[in-house]
Amino acid sequence: MDIKERYGPWAVISGASEGTGKAFAHLLASKGIHCLLIARREAPLEELADDLTRQYGIETVIAAIDLARPDACDRMMTAVGDREVGLFVSNAGSDPNAARFLEQDLSAWVDLVERNVTTMMKCSYHLAAPMKARGRGGVLLVNSGACYGGSTAMGTYSGSKAFTLCFAEGLWAELRPHGVDVLTLVMSRTDTPEFRRVLAQQGVPVPDNIASPDDVARLGLERLPHGPICNWGEADDESGMSATSAAQRRERVVMIDKVTSQLFGRS
Ligand SMILES: NC(=O)c1ccc[n+]([C@@H]2O[C@H](COP(=O)([O-])OP(=O)(O)OC[C@H]3O[C@@H](n4cnc5c(N)ncnc54)[C@H](OP(=O)(O)O)[C@@H]3O)[C@@H](O)[C@H]2O)c1
C-alpha cells in the first residue's frame with residue numbers, strides 16, 4: 001500500500017504539537033504527506049512545522065485553534081481551504097480535569113464534550129465528504145480504553161470516548177464501500193507530556209511499561225485499513241479491554257449494517 005497515494009496529499013492532525021499527535025505528524029511527513037497541524041499554542045506548532053519541513057521536505061500549515069470552542073470546526077475548514085485532505089487524525093482528546101463530576105465546574109465538562117464529541121464529529125463530516133467523493137482516504141479517531149466503560153472521575157471522558165467508538169463503527173460501515181478507511185485507535189497508558197502532567201498533578205509516579213507515542217502512531221497507521229477498532233496491546237481477535245473482541249464487534253457492525261441498509265438503502 002502506498003500511504004501517500006491512499007492518504008495524501010494532505011493530512012489534518014489535531015493535537016499535533018506533542019505526544020501521539022506529534023508522532024503521527026512525523027510518521028506521516030516521513031511518508032511524504034503534507035501536514036496541517038492543529039493545537040492551541042502556536043509556538044510548539046511552529047517549531048514542529050519547521051522540523052517537519054527541514055527533515056522531510058513536506059509542506060506544512062499550522063492553525064492555533066481551541067477545539068473546545070463552537071467555531072473550531074469552521075476555523076479548521078478555513079485553514080484547510082482548497083487543500084486535498086486524504087487523512088484526518090483526530091488526536092486531541094484527553095481529560096485534563098482528573099476530577100469527580102460534581103467537583104469540577106460544569107463549563108469544564110461542556111468544553112470536554114465540545115472538543116471530543118461535537119468538534120470531532122463536525123470535522124469528520126466536512127473532511128470525509130470529499131474523501132468519499134474521491135473514493136479514497138482515512139479517518140483515524142484516537143480513543144482510550146475508557147470508551148468501554150465509565151468509572152469514578154471518568155464519566156464525561158468515558159462518555160465522550162464511547163461516542164467516538166460508536167461513531168467510528170458507524171462511519172466505518174458507511175464509508176468502507178467508498179474506499180475510505182475509518183479506525184478508532186483505542187490507546188492504553190502512553191508516555192505523552194499530558195499524561196505526565198496529570199500524573200504529576202495527582203502525585204503519582206510514571207508507571208513502567210507505558211506505550212511510546214511513536215509505537216502507537218505506527219500501529220494506528222498500520223491498522224487504519226482494518227477498522228473500525230484497534231485495541232493497543234491486544235490482537236485483533238482478543239477481547240481484553242473491550243470484553244468483546246475487535247473482530248466480534250466488527251462482525252456485529254457488519255450484521256447491523258446489513259439490516260439498516262435494507263431499511264434505508266445503500267448510500
Ligand atoms: N496519554 C495516555 O496515556 C492516553 C491513554 C489513552 C488514550 N489517550 C488518548 O490519546 C490522545 C492524546 O492524548 P495526550 O495524552 O497526548 O493528551 P491530549 O491533551 O489529548 O493531547 C495533547 C495535544 O492536544 C492539544 N490540545 C489539547 N486540548 C486542545 C484543545 N482544546 N484545542 C486544541 N488542541 C488541544 C495539545 O496542544 P495545546 O495544549 O497547545 O492545545 C497537544 O498538542 C487523546 O485522545 C487521549 O484521550 C491517551
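I looked up glutamate 46 to begin with: at a relative accessible area of 39% it is partly exposed (buried is under 20%, exposed over 50%, partly exposed in between, with a 1.4 Å probe and protein chains only). The model is a predicted one, in which local features need pLDDT of at least 70 and side-chain atom pairs count only at pLDDT 80 or more, while totals for chains, interfaces and linings use all residues. Residues are numbered from 1 along each chain as its sequence is written, and side-chain values use heavy atoms, without hydrogens and water.

**Surface patches**

I placed glutamate 46 in helix H3, residues 42-56 (helices are DSSP runs of H or I of at least four residues, strands runs of E of at least two, numbered from the N terminus). Glu42, Glu46, Glu47 and Asp50 form a negative surface patch. Patch residues have over 30% relative accessible area and no salt bridge, with like charges joined within 9 Å and nonpolar side chains (Val, Leu, Ile, Met, Phe, Trp, Tyr) within 5 Å.

I also noted a nonpolar surface patch of Phe101, Leu102, Leu106 and Val110, which together have about 460 Å² of accessible area (Shrake-Rupley method, 1.4 Å probe). Leucine 102 sits in the loop between strand S4 (85-90) and helix H5 (106-134), and is exposed at 77% relative accessible area.

**Strand S2**

I checked burial along S2 (residues 34-39): six of its six residues are buried, so the strand is largely enclosed by the rest of the structure. On one side lie His34, Leu36 and Ile38, on the other Cys35, Leu37 and Ala39, and both faces are covered. S2 pairs with strand S1 (residues 10-14) in the parallel sense, over five bridges (pairing takes at least two DSSP bridges). Isoleucine 13 is opposite leucine 37 in S2.

**Salt bridges**

I searched the whole structure and found 14 salt bridges (a side-chain nitrogen of Lys or Arg within 4 Å of a carboxyl oxygen of Asp or Glu). One of them joins glutamate 18 and arginine 197 at 2.8 Å, N to O. This pair links distant parts of the chain, 179 residues apart: glutamate 18 is in the loop between S1 and helix H2 (19-30), arginine 197 in helix H7 (residues 193-202). Arginine 197 is partly exposed at 41% relative accessibility. Glu18, Arg41, Glu194 and Arg197 are linked in a salt-bridge network.

I then looked at arginine 218 and aspartate 215, whose side chains meet in a salt bridge at 2.4 Å, N to O. Both lie in helix H8 (residues 213-223), three residues apart, about one turn of the helix.

Terms used: Lys, Arg positive; Asp, Glu negative; His and termini not counted. Charge placed at Lys NZ, Arg CZ, Asp CG, Glu CD.
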